[in-house]
Amino acid sequence: MDIQENIKAELVKVLNGLGIEAKAEEIQLSPSDNRDHGDYASNIAFRKAKGAHMAPLALAEKIAATFSLDGVDHLEAVKPGFLNFFLKADTLGAIVSQITSNPEHYGELTVGKGKKVDIEYVSANPTGTLHLGHARGAAIGDSLARIYKKGGYEVTREYYVNDAGNQMDHLAESVEARYLELFGIKKDIPEDGYHGEEIIEVAKALKEKVGDAYTKDPDSHLPEFKKFGGAFLLDAIKKDLHEFRVDQDVYTSEKAIRDRGDVEKVLEKLKPYCYEKDGALWLNTTKDGDDKNRVLIKSDGAYTYLLPDIAYHNDKFSRGFDLLIDLFGADHHGYVTRIKSSQKDLGHNPDALNVLLIQMVRLFKDGEEFKMSKRTGNAISMKELIEEVGVDATRYFFVSRAASSHLDFDINLAKTMGSENPVYYAQYTHARLCGILAKGKEFYPLNYKGDLLVSDSEKDLLLLLKDYPNVIQDALSENEPYKVTNYVHTLAVAINEFYTKCYVLDKNNLPLTNERLGLVEACRIVLADALGLIGVSAPERMSSQDKEEA
């Protein structure tokens with residue numbers, strides 16, 4: 001059992017012995033900000049003082065007088081009622097051995113063991129290129145998938161392909177116009193059509209495949225224009241996502257859901273919750289908190305976009321997932337209640353469906369907002385941003401804030417090769433650790449005991465390393481990968497503080513050198529793993545190191 005769990009268990013035992021009911025999950029144990037205040041601190045005396053009819057400090061003193069645990073050197077009760085725990089050196093240092101003996105699995109949790117989670121993200125219509133909103137959703141969604149896998153879940157990454165409906169008809173008409181244009185035949189792109197440069201690429205590829213075959217009675221070939229255009233653009237999206245280190249496991253087609261009759265089956269089940277009004281069919285969602293009821297079938301008999309989406313979510317639940325997570329744009333706020341209401345009507349647990357709303361991204365360059373691509377005159381695409389600043393910086397910055405927060409992306413900062421750039425700082429820190437280990441090979445084998453690691457900067461690192469599983473648990477419970485990004489930066493700062501204050505390779509003190517090298521290896525393992533959870537690489541060497549070491 002972990003030392004933190006042991007401390008909580010002993011506190012429960014002490015409190016129960018004082019006639020105060022307590023549970024381990026009630027007890028908060030936080031790393032101390034000040035080494036003079038111990039290694040961990042708890043405010044449990046404050047939380048239980050009122051029920052015990054005691055002042056917080058008096059209760060804290062009673063707890064301290066009774067508390068006894070192997071691994072804790074001593075416990076102090078301090079004003080106005082905090083408990084400060086001072087660990088024995090070998091207790092805290094043992095984390096080094098724990099990490100290095102099982103490097104690939106440190107931080108893994110069992111909370112998701114036996115559970116299946118489906119995470120749907122991006123799901124952009126196959127009608128154009130991915131924009132910045134899609135890119136942020138991709139970075140957050142993929143990071144969540146990695147974190148859930150670390151948490152023990154069986155994870156399915158999913159992309160819902162909206163390949164049915166009006167937008168695909170408009171795509172077909174747009175491809176048709178661009179295709180005919182290649183043969184000198186004038187046909188206007190419809191008002192609701194697509195004008196992006198990528199539609200020209202679709203048309204060129206189609207011409208290469210079929211020649212002029214579709215120039216005769218082109219309208220009769222609209223199904224072919226639609227099929228080819230959708231497949232071409234979806235393939236381009238997949239390639240861009242792969243470059244972004246995002247690969248979905250499942251691509252679910254809206255057209256396939258419609259074709260196999262899932263929509264009609266769901267509609268039949270929803271009938272008890274529906275009513276007719278003004279020639280349309282409505283679903284009662286206000287009963288579950290929606291601001292108004294929603295139309296499923298319009299007066300002209302056409303389905304609204306909501307009905308196939310209801311069938312799609314029913315399909316996901318029917319595949320046996322314990323948890324569904326959807327990542328939508330912030331403009332889908334009103335959508336959440338209605339889709340949860342529909343799934344409740346179908347017999348599913350609405351609380352098993354979690355929807356994250358991804359706020360907008362603004363790009364800044366040279367102090368000014370940067371909106372338009374010089375190449376196309378349109379909004380900057382995900383691919384262009386990656387080409388500008390790289391995958392690592394793009395992914396790190398997109399996950400650096402909560403999904404619900406707007407993000408201002410500073411292109412100049414993302415390209416800076418200096419400590420002010422957080423992703424560069426973290427990667428350089430990892431490369432520095434690799435460099436120390438390479439130089440320290442003459443001192444091997446390493447000693448992972450950790451009982452000589454007693455300086456403040458060493459203890460700060462040990463506590464951070466020990467806290468890594470808690471960070472993952474926190475990110476999981478709140479569906480927020482930015483907590484891992486915050487941890488990466490905090491760990492990198494602590495590593496560099498240690499590097500500044502502690503001389504690692506000391507031939508005159510081999511026992512300490514061996515233990516410090518063990519600490520360096522543990523830090524390298526955890527930093528690389530944390531970067532991996534947000535899809536950022538952990539290089540062993542940075543190009544700027546060559547200049548620094550010359």
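**Close-ups of rings and helices**

**View 1. Tyr 179, Phe 183, Tyr 214 and Phe 225 gather in one aromatic cluster.** Rings of Phe, Tyr and Trp (its six-membered ring) pair up here if their centres lie within 6.5 Å. By that rule, the count for this model reaches 18 aromatic pairs. The model is predicted, with local features needing pLDDT of at least 70 and side-chain atom pairs counting only at pLDDT 80 or more, while totals for chains, interfaces and linings use all residues. Numbering starts from 1 along each chain as its sequence is written, and side-chain values use heavy atoms, leaving out hydrogens and water.

**View 2. Helix α7 (residues 197–210) packs on helix α8 (residues 222–243).** The helices are DSSP runs (H or I, at least four residues), numbered from the N terminus. Their angle is about 115° and their axes sit 10 Å apart, the axes being lines fitted to C-alpha atoms over the stretch in contact, with angles from 0 to 180 degrees between N-to-C directions. On the α7 side, the contact (heavy atoms within 4.5 Å) includes Ile 199, Val 202 and Leu 206; α8 brings, among others, Phe 225, Phe 228 and Phe 232.

**View 3. Lys 116 lies over the face of Phe 321.** It's 5.2 Å from the ring centre (the rule: NZ of Lys or CZ of Arg within 6 Å of the centre and within 35 degrees of the ring normal). Lys 277 likewise lies over the face of Trp 282, at 5.6 Å from the ring centre.

Notes:
Helix = DSSP H or I, 4+ residues; strand = E, 2+ residues; numbered from the N terminus. Phe/Tyr/Trp six-rings, centres within 6.5 Å; stacked < 30°, edge-to-face > 60°.
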